[in-house]
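Take a look at the model below. The questions that follow ask what lies behind each label.

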Amino acid sequence: MRSAKLESMIPAIDVRNLKKSYLPINRRAGGKTIALKGIDLTIKSGEFYGLLGPNGAGKTTTIGIITGLVRLDEGSVSVMGKDIISDYRFTRSKIGVSPQELTVDWFFTIERLLYFQAGYYGIRKEEVSDRIEQLLKKFGLYKKRNSKIRELSGGMKRRFQIVKALVHDPEILILDEPTAGIDVELRHMLWDYLRQLHKEGKTILLTTHYIDEAELLCERVGIINEGTIVVEGKPSELIQSLGKGSIEVYLSDCDPEKEALISGFSYVLEPYDGGSRLVFSVDEPEKSLSEIIKALSSNGCHIHEVKITKSSLEDVFISLTGRAIND
Amino acid sequence: MNTQKPESLKKLPVAEGGINWIGFRTLTLREIYRFLSVYRQTVIPGLVTSALYIIIFGLTLQRRISAIDGVSYTIYILPGLIMMNVITNAYNNTSSSILQMKLLQQMQDLLITPMSSMEISFSFIIGGAVRGVINGLLVLLLGILIIDMPVVHPIQTLLFLILVSWGFSGAGLILGIFAESWDNIATMVNFFITPLIFLGGVFYSIDMLPAFWRNLSMINPIYYVINGLRYSILDIGGSTVHLSFAVAVLMTILFTVIGVVLFQKGTRIKQ
């Protein structure tokens with residue numbers, strides 16, 4: 001029991017001072033491109049973590065290093081307590097990856113490709129056949145098992161990519177932009193799958209362009225920009241500490257200029273269609289709302305309409321990086 | 001959505017270290033199935049071309065060219081044709097498979113698995129070597145069936161086929177690693193491999209050449225492997241068989257080591 005507890009305390013992924021720069025394609029042009037300037041990242045076992053950042057921020061490089069695709073220049077990465085270089089067989093067998101780019105294969109059916117994939121992880125056909133069948137069924141690909149990748153629709157390709165990442169039953173699932181370029185319906189379907197996998201105990205590392213996706217799914221997010229993690233935390237905490245919300249109230253029959261009515265809040269007052277419009281700037285709109293309404297109505301104000309604008313992770317992102325994520 | 005949790009797997013033995021034999025076997029078989037699934041492009045053409053050579057030379061030139069080293073012209077060129085098939089197939093298989101994997105993003109999928117660079121490179125080499133051997137054996141069979149070619153030293157013949165297939169599959173690995181487009185591969189084949197094969201004495205004995213060209217041919221390694229096979233099949237040119245064998249072994253070791261080291265370093269594969 002104790003050892004199980006200890007094990008769960010070992011982070012799933014632990015990145016320390018990770019640095020990476022790329023040589024230019026044309027070496028004579030000179031000048032390295034610095035991709036990562038020293039990243040620290042700890043993802044707990046069983047956690048759903050989102051790495052957010054604009055293109056070129058270093059998301060894919062970070063994932064590439066964790067999975068062994070890209071060589072690190074400096075720093076260290078361990079997966080479930082073991083080093084990714086000296087213990088690469090261990091660390092890689094614990095990770096399943098769904099890369100950003102969809103893989104193509106001209107020769108084999110998707111079922112066969114899954115058996116190959118399992119084989120690369122040292123799993124014999126007979127040990128994995130039940131699991132492959134179940135995964136294909138679960139992701140709605142069973143009827144297509146004898147098709148080749150090019151015969152699948154875009155959404156099916158994406159699902160196949162995830163099934164492939166799961167074939168060896170990894171503890172950690174890394175998804176690089178899993179919902180890039182797919183329609184809304186499939187996005188929601190994938191979200192459901194991911195939630196379920198998380199419930200089953202998988203650690204999930206997700207990179208995304210879609211902030212709402214991270215806000216909705218991830219327990220913690222890190223915002224990465226120009227090779228460093230600018231901020232990290234629970235989405236709600238980030239919004240609370242870095243974002244701002246507002247409450248708009250449309251009033252008549254009262255004089256809101258009486259300061260006493262609504263003291264303690266900063267607001268802007270504007271005349272509006274026979275009444276007034278008040279815009280309060282607050283940290284947590286839900287908490288402040290009742291106080292504001294109480295103060296206003298106890299003074300006989302007639303409230304026509306209330307609008308709440310909550311700050312989103314997107315605002316946090318823009319305030320930290322100075323640009324929108326899709327710029 | 002089906003919410004049933006798929007059956008979990010037991011602990012993966014590969015995580016404990018040691019050689020990933022199952023992975024190695026899987027990738028090797030994948031490489032073999034890959035070319036077999038397109039046998040019309042990978043097995044049949046060599047056979048057809050060789051049959052054409054045999055028919056054309058058999059029907060036309062043989063009447064005008066006297067026997068070389070005591071065997072008829074068509075039989076004389078057959079070991080050369082076999083070697084030509086072995087070399088081009090072994091080499092093409094590995095180089096195109098690697099390039100294809102790079103272009104289709106499959107290489108990345110492979111590099112993140114718990115397979116070592118050594119296991120991956122040997123799987124590719126063996127895949128190409130099997131294609132080379134199959135092609136060589138089929139042309140050999142064609143020779144036995146249609147022109148009644150004798151096979152004097154069968155075991156040596158087989159050994160030689162395997163050795164040369166392996167060696168040139170290793171060369172294919174090196175090229176596949178460096179290649180960034182199909183053009184790169186075609187250039188190497190058209191301007192390097194094919195001339196070396198033709199100048200290696202597939203269609204003639206280098207004794208027929210003037211001294212200068214004969215001496216030049218002696219530095220062409222392919223000349224030795226063709227000679228070696230010619231001896232193994234027809235028992236002619238026995239005086240240089242040890243040298244031929246040594247050249248084939250050296251070439252095989254050299255290409256294999258360079259290929260594996262480049263793959264391990266991740267040249268043009270890992271960033």
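Partly exposed covers the range between buried, under 20% relative accessible area, and exposed, over 50%. The model is predicted.

Q: Why is A:Lys19 called partly exposed?
A: Its relative accessible area is 29%. Buried needs a value under 20% and exposed a value over 50%. A:Lys19 therefore counts as partly exposed.

Q: What makes A:Lys19 and A:Glu74 a salt bridge?
A: The rule wants a side-chain nitrogen of Lys or Arg within 4 Å of a carboxyl oxygen of Asp or Glu. Here the N to O distance is 3.6 Å. The pair therefore passes. A:Lys19 sits in strand β1 of chain A and A:Glu74 in strand β4 (residues 74-79), 55 residues apart.

Q: Is A:Glu74 buried, exposed or partly exposed, and why?
A: Its relative accessibility is 42%. That falls between the 20% and 50% limits, so A:Glu74 counts as partly exposed.

Q: How do you know that A:Asp40 forms a salt bridge with A:Arg16?
A: Their closest N and O atoms are 3.1 Å apart. The cut-off is 4 Å, so the pair qualifies. This pair links strand β2 (residues 33-43), which holds A:Asp40, with strand β1 (residues 13-22), which holds A:Arg16. A:Asp40 has a relative accessible area of 42% and is partly exposed. A:Arg16 is partly exposed too, at 36%. Both residues also belong to a network of salt bridges with A:Asp14.

Q: What makes B:Asp109 and A:Lys164 a salt bridge?
A: Their closest N and O atoms are 2.4 Å apart. With a limit of 4 Å, the pair therefore counts. The rule finds 3 salt bridges across the interface of chain B and chain A. Over all chains the count comes to 21.

Q: How much area do chain B and chain A bury between them, and which residues take part?
A: They bury about 4,300 Å², 58% of it on carbon and sulfur atoms. Chain B gives 44 residues to the contact and chain A gives 47. There are 14 residue pairs in polar contact across the interface. On the side of chain B that touches chain A, α1(B) supplies the largest share, 8 residues. That side divides into 18 nonpolar, 18 polar and 8 charged residues.

Q: Why is helix α4 of chain A called largely enclosed?
A: Of its 11 residues, 9 are buried, so the rest of the structure largely encloses the helix. Among them are A:Leu113, A:Phe116 and A:Tyr120. The buried residues pack against α5 (125-138) and α6 (154-166) of chain A, together with α1 and α5 of chain B.

Q: What makes A:Ile85 exposed?
A: Its relative accessible area is 56%. Exposed means over 50%, so A:Ile85 qualifies. A:Ile85 lies in the loop between β5 (82-83) and α3 (88-94) of chain A.

How values were computed:
Residues numbered from 1 in each chain as written. Chains lettered and ligands numbered in written order. Predicted model: local features only at pLDDT ≥ 70, side-chain atom pairs only at ≥ 80, totals over all residues. Heavy atoms only, no water. Contact = heavy atoms within 4.5 Å. Buried area = accessible area lost by both parts, 1.4 Å probe. Polar contact = N/O pair within 3.5 Å; in protein donor to acceptor, adjacent residues only side chain to side chain. Helix = DSSP H or I, 4+ residues; strand = E, 2+ residues; numbered from the N terminus. Nonpolar A, V, L, I, M, F, W, Y, C, P; charged D, E, K, R; others polar. Buried < 20%, exposed > 50% of the residue type's maximum accessible area, 1.4 Å probe, protein only.
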